[in-house]
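Welcome! Please take a look at the sequence and the 3D structure shown here before reading on.

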Amino acid sequence: MEAAAPFPLYELSGAPEARGESYGRQAALRIRSSIGHYHAQLAGGGLDAGRIHRLARAFVPRVEAFDPAYVAEMRGIARGADVAFEDVMLLNCRTEILQLAKRGLPEEDPDGCTGAIVTPEATADGTLLHGQNWDWKSECAETGVVLRIRRDDGPDILTFVEAGGLARAGLNAAGIAITANYLESDRDYRTEGVPLSLLRRKVLEQEQVALAVRAIYATPKSASNNVMLSHASGWAIDIECAPDESFLLHAQDGLLVHANHWQSPVALAKLRDTGIQTTPDSVYRDQRVMAALRARRGAITMDDLREAFFDDWQSPWAVCRPPRMSLGGNLSATVAMILMKPAEGHMEIAPLPALNRVFTTYRLKPETVAKAAE
């Protein structure tokens with residue numbers, strides 16, 4: 001399998017629906033490819049297009065109640081890409097919709113990740129670093145995009161996301177950055193909540209850290225998730241979220257690392273971690289990254305964070321996962337390595353990093369996108 005091309009950058013501005021329409025036009029081919037991919041996956045569980053659209057429409061009221069601008073933006077995306085609105089909603093609710101259809105789908109790897117934040121006390125130049133390996137379906141290396149969103153009602157946003165989605169990992173002009181990791185518990189999918197992808201977008205819309213934290217705490221969720229949140233000034237926190245309760249983890253000696261299992265002792269005393277059986281490599285991925293960073297503590301650079309995420313011990317069950325067959329017969333991989341300097345509005349991304357060590361640099365300020373080899 002050849003390494004993927006760099007993720008394209010699309011600049012968006014204007015009111016939500018107009019912004020969405022521009023997004024849809026620019027990213028139409030990738031959006032249609034992403035829709036086709038998830039339709040094919042759901043068809044494996046016996047769901048036809050009509051059933052998929054009914055599942056997607058069921059999310060509209062709760063998304064509208066959370067933020068009607070998101071529904072307007074999705075309608076614009078659908079119009080710009082000339083696809084069904086329900087399919088754009090599917091892309092923004094795909095974690096939840098895949099779970100609703102889970103009983104009919106073959107067993108496969110969940111949406112895994114290894115994330116890290118390095119605060120100024122541990123870096124070489126006193127600049128906070130924030131990064132992640134995103135592990136999911138290798139086909140998504142062909143559907144990822146980077147959005148630079150110019151907003152009149154809040155800070156500008158730079159985010160990496162699957163085409164058609166509103167946000168995933170990213171940073172904003174207020175210095176806030178976010179990544180997220182898959183978590184699973186015995187409390188999941190007992191109640192209805194806001195899709196996790198839209199929670200991340202809400203965080204990136206905030207000017208103040210307190211309001212970003214509040215968005216994570218106050219938003220009802222259907223499933224567990226881990227959120228890694230940082231600010232350019234040097235502040236960082238990890239929030240392990242069950243659908244109805246959140247648990248805090250703080251940096252130790254300037255380092256904060258998380259994979260796909262629960263770490264909070266309080267959380268583990270109150271709920272059952274049901275995800276390790278599908279992400280057994282999680283129990284050492286965070287340890288491998290932490291050990292690599294600790295060895296360089298006080299002198300950590302972006303290249304050190306990059307190298308920690310390239311760790312291939314126990315490959316293909318590694319921090320940096322090459323394409324391998326999942327239990328369901330699908331190709332799974334580290335789809336993207338994402339590295340950020342929030343203080344500089346700087347993001348570097350390599351698609352399929354186990355095969356490809358060429359990064360593309362994206363900036364919050366409109367400048368020429370430049371490539372840099374590892």
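Here is a short tour of a sheet, a strand inside it and some helices. The model is predicted, so local features need pLDDT of at least 70 and side-chain atom pairs count only at pLDDT 80 or more, while totals for chains, interfaces and linings use all residues. Residues are numbered from 1 along each chain as its sequence is written, and side-chain values use heavy atoms, leaving out hydrogens and water. Helices (H or I, at least four residues) and strands (E, at least two) are DSSP runs, numbered from the N terminus.

**The open sheet**

- Eight strands form an open sheet with mixed pairing, in the order E1-E4-E5-E6-E7-E8-E9-E10; two strands pair if DSSP finds at least two bridges between them.
- Strand E1 (9-12) and strand E10 (245-249) stand at the edges with a single partner strand each, so one side of each has no neighbour in the sheet.
- Strand E9 (residues 236-242) runs antiparallel to E10, joined by 5 bridges, and Ala242 has Glu245 in E10 as its bridge partner.
- Helix H9 (residues 209-218) packs on the sheet, touching strand E7 (176-182), strand E8 (225-231), E9 and E10; contact means heavy atoms within 4.5 Å.

**Strand E5, inside the sheet**

- Because 6 of the 6 residues of strand E5 (residues 157-162) are buried, the strand is largely enclosed by the rest of the structure; buried means under 20% relative accessible area, exposed over 50%, partly exposed in between (1.4 Å probe, protein chains only).
- In a regular strand the side chains alternate between the two faces of the sheet.
- On one side of E5 lie Ile157, Thr159 and Val161, and on the other Leu158, Phe160 and Glu162, all buried.
- E5 pairs antiparallel with strand E4 (residues 144-149) over 6 bridges, and with strand E6 (residues 169-172) over 4 bridges.
- Gly144 has Glu162 in E5 as its bridge partner, while Ile157 is bridged to Asn172 in E6.

**Helix H12**

- Since 6 of the 8 residues of helix H12 (residues 302-309) are buried, this helix is largely enclosed by the rest of the structure.
- The buried residues are Met302, Asp304, Leu305, Arg306, Ala308 and Phe309.
- Their packing partners include strand E2 (112-118), strand E3 (129-137) and helix H11 (282-294).

How values were computed. Axes are lines fitted to C-alpha atoms, for helices over the stretch in contact, and angles run from 0 to 180 degrees between N-to-C directions.
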